[in-house]
Amino acid sequence: MEFEGNCLIVGKGHNPLLQFAILRNLVCCDEKKSFYLSVISCIILGSSLVPVKMSNIVLFEDIFVVDKIDPDGKKFDKVSRIEARSQNCDMYMLLDVNTEVYRMRIGDKFTMALAHTLNLDGTPDTGYYTPGGRKSLADKYEYVMHGKLYKISDEGSGKHLKAEIYVSYGGLLMMLKGDPSYITQFELDQKLFLLMRKL
């Protein structure tokens, strides 16, 4: 595999077969650098490259581990607030989860993604579930919520600056805090899907 411009080339060379390569959103997280690669789809015919579609679907994705459940005490019978930290980007998250349908335990490891649409072609999503519809990003996850980003803030300064986003999913709240470089793609009043899958 190799890169040509912004595209990932798979099997480039004398192979006459059409090949379809899709590069999902990736967030590279380490202490020294970070970069964001867009979703890139391309068709490769021999050594010719024909772009098909480009869209930024997944705005953030990382693996989290549940550290605490209901740290301030149990508030509702069917909802728990989990406290979790991501393994790669070192993001801190508080999230209300409907535990009647998706039970969480301390130590659980899960992938969490934030996306602006569930449509794989990047087109806007209505936010309504349509049974029997076409394939979507949700097919890769176990638990999905749709909500609205209602607050963006920061705390600290210099090297200690942390950014925070707050999203309400029909009253279930999420707070995500960490390095501002992972927050820049979010906007106030943005509609967001939260997707989770246990590992």
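The charged end of Lys151 lies over the ring of Tyr166, 4.9 Å from the ring centre. The charged end of Arg197 is likewise placed over the ring of Tyr141, at 5.1 Å from its centre. A charge sits over a ring if NZ of Lys or CZ of Arg is within 6 Å of the ring centre and within 35 degrees of the ring normal.

The model is predicted: local features need pLDDT of at least 70, side-chain atom pairs count only at pLDDT 80 or more, and totals for chains, interfaces and linings use all residues. Residues are numbered from 1 along each chain as its sequence is written, and side-chain values use heavy atoms, with hydrogens and water left out.

Four aromatic pairs occur in the structure; rings of Phe, Tyr and Trp (its six-membered ring) pair if their centres lie within 6.5 Å, and planes under 30 degrees apart count as stacked, over 60 as edge-to-face and the rest as tilted. Two of these pairs are tabulated.

| Pair | Class | Centre to centre | Angle between planes |
|---|---|---|---|
| Phe64 and Phe110 | stacked | 5.9 Å | 15° |
| Tyr150 and Tyr166 | tilted | 6.2 Å | 50° |

Phe64 belongs to strand S8 (residues 58-69) and Phe110 to strand S11 (residues 109-115), 46 residues apart. Strands (E, at least two residues) are DSSP runs, numbered from the N terminus. Ring pairs join Phe60, Phe64 and Phe110 in a cluster. Relative accessible area is 0% for Phe64 and 0% for Phe110, so both are buried (under 20%; exposed is over 50%, partly exposed in between; 1.4 Å probe, protein chains only).

Tyr150 lies in strand S12 (residues 143-155) and Tyr166 in strand S13 (residues 162-169), so their pair ties together parts 16 residues apart in sequence. Tyr150 is partly exposed at 39%, whereas Tyr166 counts as buried at 19%.

Technical notes
Helices (H or I, at least four residues) and strands (E, at least two) are DSSP runs, numbered from the N terminus.
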